[in-house]
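Thank you all for making time this morning.

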Amino acid sequence: MREFAYEIVCGTLEEDGHSDELFHALLQEHKEWSSHQKSFLKNLSYGTIERCIELDGLLNQYSRIRVRQMDLPVRTVLRMALYEIRYMDQVPESASCNEAVELVKRKGGEKYASFVNGVLRTLVRQKDSLEIKKEWVRLSLPKELYEHLSASYGKKTVKKIGEAFLERRGEITLHVRTDRIAVDVFRDRLNETGITCRPGYYHKDALILEGSHDIRELPGYKEGLFFVQDESSMLPVLCAGIRPGECVIDVCSAPGGKAMHALMELQGKGGLLARDISEGKVSRIRENIKRMQFPDVTFQVWDAAVPDPDNREKADVVLADVPCSGIGIIGRKPEIKYHALESAAELVPLQRNICRASAGLLKPGGVMIYSTCTIHHAENEENVMWMEEKLGLERESLDEYLPEILRNRMTAQGMLQMIPGIQQSDGFFVARLKKVGRG
């Protein structure tokens, strides 16, 4: 398993790959693996990627060679082995050291085997006294990202955010299709099969499953009784206040969670146009909606940043869940943090082009729901201010749509920022904007 974990860690940290894609590709290739093997692989690979900055900080204290100056196989193996020693108690320390030495040999670093062994044995001896003084290293956040978030939210809040990112709960949230089965009835079905679950924090139709599950094996999957959707991702449709008979356009729809939520609110009356930029993404939406057995949905490949004269001023509601830096979901996709600020700077112009094109789809009096999975002000509040200034849109209060626990001064002004470590949620932003004139 360590060799496969090496592929994921190296492919993600050294080759800018995506941990999820690499992990699931291996699962498809090795369907014979047991649940224990899958769990070990995921814990070791994701954990190493997640805590890389912390691991490098410790290695630099006890190695005569700085991590960045090591050969690629050496630093990858050392990071993985140190993560095992520090966080995977079920693995004997001697086994971690021995396996690391053998792995670095297989990866072409035989001349460094004694070096790897020496560094790890030293770290094992010092295990109980290892200390990290710099907060950004302890939280395993890039220094620039830590400083940026500290300037935006303050160091106390950033500490909570960083710690929340590091708490990988392994939970799955299901959105129950309550037009077909009551939440409590579905919960009883899950409990009867030994699956532990609890109600969502913010949405009445949410159930949170504890532990790791193959959703395709859950009761009700084939019948389309639920789909996977984090509670934060339920907020855009909740805040849209969609009513039966309305026309809804979901401009960045894949994989289709918000579209399916909107269809539940439409109750078979009105229309939904689900779009995304490629046939591959639209196929995912179509496949998910087909499993859920929703009728009368229109699918379309369309670049959301391109104006659409054929659908100008036709929508009562536009859902614009735009591409973003993803800083709010670092806890689920840890590699995001290593390029987050760079991505944010590049994405703001695209987000504004999508908003401009989306505003053109709205009827006068129609509502745009703008959302991201980030906690970056430039992608969130600053974009909303730009829309008000440039697009003839006006914020409306979210309070009538939200549970009381989420209402605050900001939601009264038409925006909601979910912050990891403050709310029980990923980082997520939602704004409700009404078209007050002809665009």
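Which residues of α13 are buried? Before I answer, please keep in mind that this is a predicted model, in which local features need pLDDT of at least 70 and side-chain atom pairs count only at pLDDT 80 or more, while totals for chains, interfaces and linings use all residues. Residues are numbered from 1 along each chain as its sequence is written, and side-chain values use heavy atoms, with hydrogens and water left out.

The buried residues of helix α13 are Gly257, Lys258, Ala259, Met260, His261, Ala262, Leu263, Met264 and Leu266, where buried means under 20% relative accessible area, with a 1.4 Å probe and protein chains only. Helices here are DSSP runs of H or I with at least four residues, strands are runs of E with at least two, and both are numbered from the N terminus. Because nine of the ten residues of α13 are buried, this helix is largely enclosed by the rest of the structure. Just after α13 comes Gln267, which takes a positive phi of about 55°.

Let me turn to the strands around that helix. Strand β5, residues 247-250, pairs with β6 in the parallel sense over four bridges, and two strands count as paired if DSSP finds at least two bridges between them. Within this pairing, Ile249 has Leu273 of β6 as its bridge partner. Strand β6 itself covers residues 271-276, and five of its six residues are buried.

Together, β5, α13 and β6 make a right-handed β-α-β unit, right-handed meaning that, with the strands pointing away from the viewer, the path from the first strand over the helix to the second runs clockwise. From β6 the chain crosses through helix α14, residues 279-291, to β7, and this crossover is right-handed. Strands β6 and β7 run parallel and are joined by five bridges, and the bridge partner of Arg275 is Gln300 in β7.

Notes. Buried means under 20% relative accessible area, exposed over 50%, partly exposed in between (1.4 Å probe, protein chains only).
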